[in-house]
Structures are given as structure tokens and as C-alpha cells.
Amino acid sequence: MLVGTVVGHVWSTVKDPSLSGLRFLVVQPYTLGGQPTAETLVAVDPLGAGIGERVLVVFGRAARHAIGRGHDIGFQTAVAAIIDRMEFDNGASVGPTSAHDRPPAP
């Protein structure tokens with residue numbers, strides 16, 4: 001699993017029938033220190049996360065469980081949680097969006 005920030009949506013009119021009615025998000029993995037990365041992934045969003053929100057993304061069996069359609073689905077990446085807050089041992093905290101982040105304690 002990984003923590004990431006929602007940076008976009010994916011729309012598709014032609015797709016595998018098992019994906020009908022599902023919402024897709026583009027997620028950029030969170031990096032320590034908040035350094036930007038060019039890496040992105042697409043995840044099914046059963047929870048309704050929005051642009052800029054931090055999410056917990058799961059893969060494989062956990063993703064299929066989070067999507068809630070059993071194992072006969074053509075997707076293995078899903079948003080399992082919308083993050084309220086993460087805290088690190090150096091005093092830094094990460095909020096639901098970058099505007100809520102706090103730097104490490106001096």
C-alpha cells in the first residue's frame with residue numbers, strides 16, 4: 001500500500017464490463033519531505049476522494065475487497081482510505097491536503 005495525493009480523474013466510455021460505474025483517480029505517491037515525483041498511478045475510488053486529498057491506496061486482493069465487487073474484476077488498485085492525518089517521529093505531520101502539513105519540530 002502507499003500514501004498519495006489525488007491529482008486528477010480518468011474518464012473512459014469504453015472499458016471492461018466489470019469496471020462499469022466505477023470512478024477512477026490519478027494518484028501521485030507521497031514522498032517524505034513532500035518532494036514532487038513524476039510517478040502516478042490510477043486507482044478505483046469507492047470513497048469519493050477529491051483533487052488534492054491524501055489517500056491510502058491498496059493493491060491486489062485488498063483492492064478488490066475495497067472495490068466491493070468480488071474477485072472477478074479487472075482492476076487491482078483502489079483507494080481504501082482518505083487520510084485525516086499522519087504523524088512522524090520527527091514532529092512533522094501530514095494533513096488531508098498539503099495546506100494542512102506541518103514541518104518537523106526544530
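**Exercise 1.** In this predicted model, arginine 54 forms a salt bridge with aspartate 101, with 2.9 Å between the closest N and O atoms. Determine where the two partners lie in the chain and whether arginine 54 is buried or exposed.

*Solution.*
1. Arginine 54 belongs to strand 4, while aspartate 101 lies in the segment after strand 7 (93–94).
2. The partners are 47 residues apart, and the pair links distant parts of the chain.
3. Buried means under 20% relative accessible area. Arginine 54 has 5% and is therefore buried.
4. Aspartate 101, at 29%, is partly exposed.

**Exercise 2.** State how many salt bridges there are, and describe the one between aspartate 45 and arginine 23.

*Solution.*
1. The count is three.
2. The side chains of aspartate 45 and arginine 23 meet at 2.5 Å, N to O.
3. Aspartate 45 is in the loop between strand 3 and strand 4, and arginine 23 is in the loop between strand 1 (2–10) and strand 2 (24–29), 22 residues apart.
4. Aspartate 45 is buried, with a relative accessible area of 5%, whereas arginine 23 is partly exposed at 31%.

**Exercise 3.** Explain why the buried residues of helix 1 line one face of the helix, and identify what they pack against.

*Solution.*
1. Helix 1 covers residues 60–67, and Gly60, Ala63, Arg64 and Ile67 are buried.
2. Viewed down the helix axis, these buried residues fall within an arc of 100°, so they line one face.
3. An α-helix has 3.6 residues a turn, so residues three or four places apart point the same way.
4. The face turned away from the buried side carries the exposed residues Arg61 and His65.
5. The buried residues pack against strand 3 (41–44), strand 4 (54–59) and strand 5 (77–82).

Note on methods:
Residues numbered from 1 in each chain as written. Predicted model: local features only at pLDDT ≥ 70, side-chain atom pairs only at ≥ 80, totals over all residues. Heavy atoms only, no water. Buried < 20%, exposed > 50% of the residue type's maximum accessible area, 1.4 Å probe, protein only. Helix = DSSP H or I, 4+ residues; strand = E, 2+ residues; numbered from the N terminus. Arc of directions from axis to C-beta. Contact = heavy atoms within 4.5 Å. Salt bridge = Lys/Arg side-chain N within 4 Å of Asp/Glu carboxyl O.
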